[in-house]
Amino acid sequence: MSTNKRKQLYKIIILGDSGVGKTSLMNQYVNQRFTQQYRATVGADFMAKEVTIDDRMVTLQIWDTAGQERFQSLGGAFYRGADCCVLVYDITNKKTFENLESWKEEFKQQGCPKDPDTFPFVVIGNKSDKASERKVETEFAQQWCKSNGDIKHFETSAKDDTNVNAAFMAIAKAASSQF
Ligand code: GTP
Ligand code: MG
């Protein structure tokens, strides 16, 4: 009989400012769909997706949260028990990148990860299709990630489906890395 005690369900939480594309990333990854229309997420919601990591079939429970402050009253309750936290910014909006620090701190405080220093974060710079409007240089973001505990960094386009799978594969691996 198998004595494999590794977890089969991993909880992923996606944080970042309103409008950076958190919902769009999840929707592209899980449903292969994208819409230009913006509808603010209220509270939080999750979608599940099965993936194979290292020959193991696991379920990712992906929690999409509201970036808008007025919808954040439920806040920390959703962060608890997360196995990986994804921090998303918009490459055309510098402020959304600068706010990653406070999203990260908020997660550490409210999510109560067991070991905050080794907890796996992944950073995504979304909207890479809007290259001509870029305000955050790739190297600059990579540097920040490096000096913040060697966080993995990806640039994606939820619109064009560029790098979305690769990012979520790394997220799945990061989530399972501790177990
Ligand atoms: P909140 O729910 O308010 O926190 O926002 P969000 O982070 O979930 O953003 P959402 O996914 O709703 O996307 C915001 C807007 O950006 C929408 O109009 C999307 O169509 C658009 N968008 C999302 N991802 C991309 C992308 O990769 N490229 C482009 N060009 N637009 C995108
Ligand atoms: Mg949303």
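G125 has E155, a residue of β6, as its bridge partner. This is a predicted model. The bridge belongs to a pair of strands: β5, residues 121-126, runs parallel to β6, and 4 bridges join the two.

That pair sits within a wider arrangement. An open sheet is built from 6 strands, and reading across it gives the order β2-β3-β1-β4-β5-β6. The pairing in this sheet is mixed. Its edge strands are β2 (44-53) and β6 (152-155), each of which pairs on one side only. From one strand to the next, the twist averages 25°.

A helix lies over part of the sheet. Helix α3, residues 100-111, lies across β1 (9-15), β4 (84-90) and β5. Its direction is at about 160° to that of β4.

Next comes a contact between two helices. Two packed helices are described by the angle between their axes and the distance between those axes. For helix α1 (residues 22-31) and helix α5 (residues 164-176), the axes come within 10 Å and cross at roughly 90°. An angle of 65 to 115 degrees counts as roughly perpendicular, and α1 and α5 are therefore roughly perpendicular to each other.

Which residues of α1 and α5 make the contact? From α1 they are L25, Q28 and Y29, and from α5 they are V164, N165 and F168. By class, the residues of this contact between α1 and α5 comprise 4 nonpolar and 2 polar, with no charged residue.

How values were computed:
Residues are numbered from 1 along each chain as its sequence is written. Chains are lettered from A and ligands numbered from 1 in the order in which they are written. This is a predicted model: local features need pLDDT of at least 70, side-chain atom pairs count only at pLDDT 80 or more; totals for chains, interfaces and linings use all residues. Axes are lines fitted to C-alpha atoms, for helices over the stretch in contact, and angles run from 0 to 180 degrees between N-to-C directions. Angles under 35 degrees count as roughly parallel, over 145 as roughly antiparallel, 65 to 115 as roughly perpendicular and the rest as oblique. Two residues are in contact if their C-beta atoms, placed from the backbone, lie within 7 Å. Ala, Val, Leu, Ile, Met, Phe, Trp, Tyr, Cys and Pro count as nonpolar, Asp, Glu, Lys and Arg as charged, and the others, Gly among them, as polar. Two strands pair if DSSP finds at least two bridges between them.
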